[in-house]
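I opened the model today to look up a handful of residues and contacts. The entries follow in the order I made them.

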Amino acid sequence: MDKKHLYIVLTRTNTIVSRLIRLFMKDEYTHASIALDRELRNMYSFGRKYIYNPFIGAFRREYRDKGVYKLQKIVPCIVLEVEVTEEQYEKAQSILNQFISNSERYKYNYKGLLYNLFNAETCDDKHFLCSEFVYYVLNQSGIVDFNIPRNLVRPQSLLNIKSNIVFKGDLKCFGQDERDFVEGRSLIRGLSAVYE
């Protein structure tokens with residue numbers, strides 16, 4: 001049976017919300033997205049609906065060079081490649097298509113963010129944190145099960161998934177080198193710029 005891959009993209013921006021999460025949780029990464037392709041052209045998550053308004057969040061397609069990412073000088077990130085079966089890939093794709101088709105129904109889980117800080121469970125089928133969403137897709141596709149309430153999954157938690165690191169560095173540098181897309185190659189680039 002052919003193997004497929006999903007991509008988990010963990011990032012950290014310099015926004016107030018990201019800095020607060022980093023301050024309280026001490027996590028290296030504060031945002032999570034999932035992509036269906038290695039080039040990250042089809043990347044999805046929950047985040048700001050409007051660039052300059054952190055108080056209205058929604059399900060959205062994300063772009064490496066648009067939105068909040070465009071406003072940042074440097075975006076520390078790690079891209080994880082998760083090997084899955086064709087059936088798991090198709091299930092994840094189907095779940096994502098449901099979110100895309102019904103995007104107006106979904107909102108950011110602000111309550112879940114507060115509950116996460118206090119390690120308390122809260123789940124709502126129409127409200128998701130970024131990492132909660134990525135975990136939901138992976139869990140419902142039969143790829144991973146952390147055996148914890150989904151709102152307690154933080155971006156940092158996703159580093160525990162069996163995967164290969166295909167990129168680590170500044171997200172703005174991702175894809176600038178054709179070697180980023182060479183099959184089976186792990187890269188760590190731009191670290192001095194990212195961690196200064």
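Helices (H or I, at least four residues) and strands (E, at least two) are DSSP runs, numbered from the N terminus. I note that this is a predicted model, where local features need pLDDT of at least 70, side-chain atom pairs count only at pLDDT 80 or more, and totals for chains, interfaces and linings use all residues. Residues are numbered from 1 along each chain as its sequence is written, and side-chain values use heavy atoms, with hydrogens and water left out.

Entry 1, strand β1.
I looked up residues 3–11, which make up strand β1. Seven of its nine residues are buried, so the strand is largely enclosed by the rest of the structure. For pairing I used the rule that DSSP must find at least two bridges between two strands. β1 runs antiparallel to strand β5 (residues 76–85), and nine bridges join them. In that pairing I found I8 opposite L80. β1 also runs antiparallel to strand β2 (residues 31–35), here with five bridges. L10 stands opposite A32 of β2.

Is H31 buried or exposed? Its relative accessibility is 14%, so H31 counts as buried. For contacts I took heavy atoms within 4.5 Å. Leaving out residues up to four places away in sequence, H31 touches V9, L10, T11, S45, F46, E62, Y69, C130 and P155. A polar contact is a pair of N or O atoms within 3.5 Å; within protein, one must be able to donate a hydrogen and the other to accept it, and residues adjacent in sequence count only if both atoms are side-chain atoms. By that rule the side chains of H31 and E62 make a polar contact at 2.8 Å.

I found S131 in helix α5 (residues 130–140). With 3% relative accessibility, S131 counts as buried. Beyond four places in sequence, S131 touches A32, V153, R154, P155 and L158.

How many disulfides does the model hold? I counted a disulfide as a pair of cysteine sulfur atoms within 2.5 Å, and the count comes to zero. C77 is in no disulfide, and the nearest cysteine sulfur, that of C173, is 9.1 Å away. C77 is buried, at a relative accessible area of 0%, whereas C123 is partly exposed at 42%.

Rings of Phe, Tyr and Trp (its six-membered ring) pair if their centres lie within 6.5 Å; planes under 30 degrees apart count as stacked, over 60 as edge-to-face and the rest as tilted. I get 18 aromatic pairs by this rule. One of them joins F46 and F128, a tilted pair with 5.4 Å centre to centre and 35° between the planes. F46 lies in strand β3 (residues 43–50) and F128 in strand β7 (residues 127–128), so this pair ties together parts that are 82 residues apart in sequence. Both F46 and F128 are buried. I also listed one aromatic cluster, formed by Y44, F46, F59, F99, Y106, F128, F133 and Y136.

I required NZ of Lys or CZ of Arg within 6 Å of the ring centre and within 35 degrees of the ring normal. The charged end of K4 sits over the ring of Y89, 5.0 Å from its centre. K66 lies over the face of Y63, at 4.6 Å from the ring centre.

Y110 lies in helix α4 (residues 110–117) and counts as partly exposed at 32% relative accessibility. Apart from residues up to four places away in sequence, Y110 touches P54, F55, I56 and G57. A polar atom of the Y110 side chain lies 3.2 Å from the backbone nitrogen of G57.
K107 lies in strand β6 (residues 107–108) and is partly exposed, at 38%. K107 and A58 are 49 residues apart in sequence but 4.4 Å apart in space, C-alpha to C-alpha. The backbone oxygen of E104 lies 3.3 Å from a polar atom of the K107 side chain.

Conventions:
Buried < 20%, exposed > 50% of the residue type's maximum accessible area, 1.4 Å probe, protein only.
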